[in-house]
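Open the model in your viewer and follow the selections below in order. Each stop says what to pick and what is there.

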Amino acid sequence: MLSIIIPTLNEEKYLPILLNSLKKQSFSDYEIIIADACSDDATVSLAQSYGCKIVFGDKNKRHPAIQRNAGADNSIGEILLFLDADTILPDDYFLEKTLNNFRKRSLGVAGFYMDFKSRKFFYRFYYLVYNSMAFLAQYIRPVAVGAGIIIQRELHYKIGGFDEEIFIGEDQIYCEKASKIKKFRLIRKTKIFFSIRRFEKDGRWKLFSKLLYSFLYVLVLGPVKKEIIKYEFGKH
């Protein structure tokens, strides 16, 4: 079985889009776990209406790493797929393609190529930069984002899950640690659509510079365990 784990915080606008697309998938042997950080809107009731398993967090300890770990602890699948609530799937065969590729290549952990629903120059530029960097890095030092990570259950626990002490970039560190034990690659023949909402709210180039700085910080100095940039969770 596949366990799909989605951390949420006030996602009533975006979560139904993802859940509807999951319900249409050609592959159906999965469970959906919503790891909610005490949302103030209709996120939980919406998730319940879709038959999702709900894991409640602590409103004083809100962070995707904490929620992903909590979701994993309440899952039963031998493979875990972490998605963000605003991740958009490309088609109804996403799960089937992903699992076939993951198993055929004997991967322990994998990330995804990224795309955007917008055709503006900035997003086309970001698409080219990120995917080129991720393609090259997969053979050396994995680059992946929490919006789409798939991993063997046993490997998740072997590395101790996501580091809950990391402020930002916990997804990259997670994949790096896992890749030292089992093979990491990017999934072929499918991708995920990354949400542009934070870029549009914070400013495209401003956020790009923040993310680039954080990425370089991790590469040179290691895990980010302090607030080196302003990056709020659940505010978009």
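Select Glu154 and Lys182. The two form a salt bridge, with the closest N and O atoms 2.8 Å apart. Glu154 lies in helix H6 (residues 153–158), while Lys182 sits in the loop between helix H7 (170–179) and strand S8 (184–186), so the pair ties together parts that are 28 residues apart in sequence. Lys182 is partly exposed, at a relative accessible area of 27%. This is a predicted model.

Stay in helix H6 and select His156. Is His156 buried or exposed? Its relative accessible area is 1%, so His156 is buried. Now show what touches His156. Leaving out residues up to four places away in sequence, the partners are Asn69, Ala72, Leu80, Phe82, Ile151, Gly161, Phe162 and Tyr174.

Select helix H3, residues 64–73. Seven of its 10 residues are buried, so helix H3 is largely enclosed by the rest of the structure. Colour the buried ones: Pro64, Ala65, Gln67, Arg68, Asn69, Gly71 and Ala72. Which elements do the buried residues of H3 pack against? Two helices, H6 and H7, are on the list. The strands are S1, S2 (30–36) and S4 (79–83).

Next, select Arg197 and Glu11. They form a salt bridge, and the closest N and O atoms are 2.6 Å apart. Arg197 belongs to helix H8 (residues 197–202), and Glu11 to the loop between strand S1 (2–8) and helix H1 (15–23), so the bridge ties together parts that are 186 residues apart in sequence. Check the accessibility of both ends. Arg197 counts as buried because its relative accessibility is 16%, under the 20% cut-off. Glu11 also counts as buried, at 9%.

Glu11, Asp86 and Arg197 are linked in a network of salt bridges.

Move to Arg119 and Asp115. Here is another salt bridge, with the closest N and O atoms 2.9 Å apart. How do its ends sit, buried or exposed? Arg119 counts as exposed, at 51% relative accessibility. Asp115 is buried, with a relative accessible area of 6%.

Display every salt bridge. The search of the whole structure finds 11. Side chains of opposite charge can pair when their charged atoms come close.

Keep the charges on screen. The protein chain has 37 positive and 27 negative charges.

Now zoom out and switch to cartoon. The protein chain has nine helices and nine strands. Its C-alpha atoms fill a box of roughly 40 × 40 × 35 Å along the principal axes. How does the radius of gyration of the protein chain fit a compact globule? For 236 residues such a globule would have a value near 18 Å, and the chain has 16 Å, which agrees.

Finish with the surface. The protein chain exposes about 11200 Å², and carbon and sulfur atoms supply 54% of that area. Then hide the surface and colour by burial: buried residues make up 54% of the 236 residues in the chain.

Definitions and conventions:
Residues numbered from 1 in each chain as written. Predicted model: local features only at pLDDT ≥ 70, side-chain atom pairs only at ≥ 80, totals over all residues. Heavy atoms only, no water. Helix = DSSP H or I, 4+ residues; strand = E, 2+ residues; numbered from the N terminus. Rg over C-alpha atoms; globule rule 2.2 N^0.38 Å. Buried < 20%, exposed > 50% of the residue type's maximum accessible area, 1.4 Å probe, protein only. Areas by Shrake-Rupley, 256 points an atom, 1.4 Å probe, with all protein chains shown as cover. Lys, Arg positive; Asp, Glu negative; His and termini not counted. Charge placed at Lys NZ, Arg CZ, Asp CG, Glu CD. Salt bridge = Lys/Arg side-chain N within 4 Å of Asp/Glu carboxyl O. Contact = heavy atoms within 4.5 Å.
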